[in-house]
Amino acid sequence: MLKRIKKGVILAAGDGDRLGTLTDTCPKVLLSVDGEGPLIRYPIEALVASGIEQIAIVVGYLADSIKELLGDGRRFGAELHYISNLDYLGGLAVSVHKVKNWANGEPVVLCMGDHIIDKELVRRLLYHETAEDTLCVDYTPSQSINLDEATRVALDNDGCIKDIGKNLTRWDAVDTGVFLLTPHFFDILDELINRDGNGVEMNDAIRFFISRGNCFHTRDVSGCFWMDVDTEEDLKVARS
């Protein structure tokens with residue numbers, strides 16, 4: 001039985017500068033990979049398929065374009081809420097931090113607006129008994145994943161994150177960009193950003209969370225399709 005999480009978050013604030021001129025006038029999350037809709041529809045539809053209809057979209061770069069296209073979310077079967085991040089050139093964790101008040105003490109499922117994700121991936125995340133801070137990881141990433149660019153995850157014997165980063169030489173799985181985050185994580189993130197400012201990345205936040213004696217769990221989603229669209233080459237692969 002799926003856990004009943006009511007709220008989802010999708011990060012869509014970045015300027016997509018690695019896609020060159022393609023994002024000069026169009027936010028990355030509004031690019032199409034199949035001619036049938038924007039990239040951001042994948043995480044929206046994956047959340048809705050798992051019963052999550054309250055979704056916060058964190059916007060920054062060309063925010064009005066995203067709001068205009070997605071509207072209130074009714075056509076997706078969702079109710080969309082827009083949260084502004086004017087510091088979108090900072091670390092990714094800053095966008096996550098912006099939703100703390102909206103989450104209002106509830107756990108949330110976090111997705112990336114520029115990821116193509118299988119609906120089953122979110123279902124698998126929610127198919128466990130308790131709400132704990134969890135990252136979906138892939139032990140057997142497909143050939144569409146550029147391992148040189150991927151965030152690598154090293155695990156301990158209990159399946160909790162021991163270390164995380166792009167430059168790990170010893171690692172067990174790859175970060176898919178889909179999380180379950182609890183109020184406790186937001187409190188720790190609050191402390192870290194107040195200390196270190198707007199350059200905090202999610203990897204920094206996870207390592208800080210672990211350093212405080214917390215377990216950041218993982219969920220094996222190997223076999224579920226997912227893909228991060230960061231570059232023009234990624235977009236070509238997604239469209240092929």
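In which strand is Lys7 placed? Lys7 lies in strand β1, residues 7–12 (strands are DSSP runs of E of at least two residues, helices runs of H or I of at least four, both numbered from the N terminus). The model is predicted, with local features needing pLDDT of at least 70 and side-chain atom pairs pLDDT 80 or more, while totals for chains, interfaces and linings use all residues. Residues are numbered from 1 along each chain as its sequence is written, and side-chain values use heavy atoms, without hydrogens and water.

View 1. Beyond its neighbours within four places in sequence, Lys7 is in contact with residues including Ile52, Gln54, Asn104 and Glu106 (contact means heavy atoms within 4.5 Å). Pro107, Val108 and Val109 are also among them.

**View 2. Packing of helix α6 with helix α7.** Helix α6 (residues 183–196) packs with helix α7 (residues 202–211) at an angle of about 110°, the axes being 10 Å apart. The two helices are therefore roughly perpendicular (65 to 115 degrees).

**View 3. Residues where α6 meets α7.** From α6, His184, Phe185, Ile188, Leu189, Glu191, Leu192 and Arg195 meet Met202, Asp204, Ala205, Phe208 and Phe209 of α7. The residues of this contact divide into eight nonpolar, one polar and three charged.

How values were computed
Axes are lines fitted to C-alpha atoms, for helices over the stretch in contact, and angles run from 0 to 180 degrees between N-to-C directions. Angles under 35 degrees count as roughly parallel, over 145 as roughly antiparallel, 65 to 115 as roughly perpendicular and the rest as oblique. Ala, Val, Leu, Ile, Met, Phe, Trp, Tyr, Cys and Pro count as nonpolar, Asp, Glu, Lys and Arg as charged, and the others, Gly among them, as polar.
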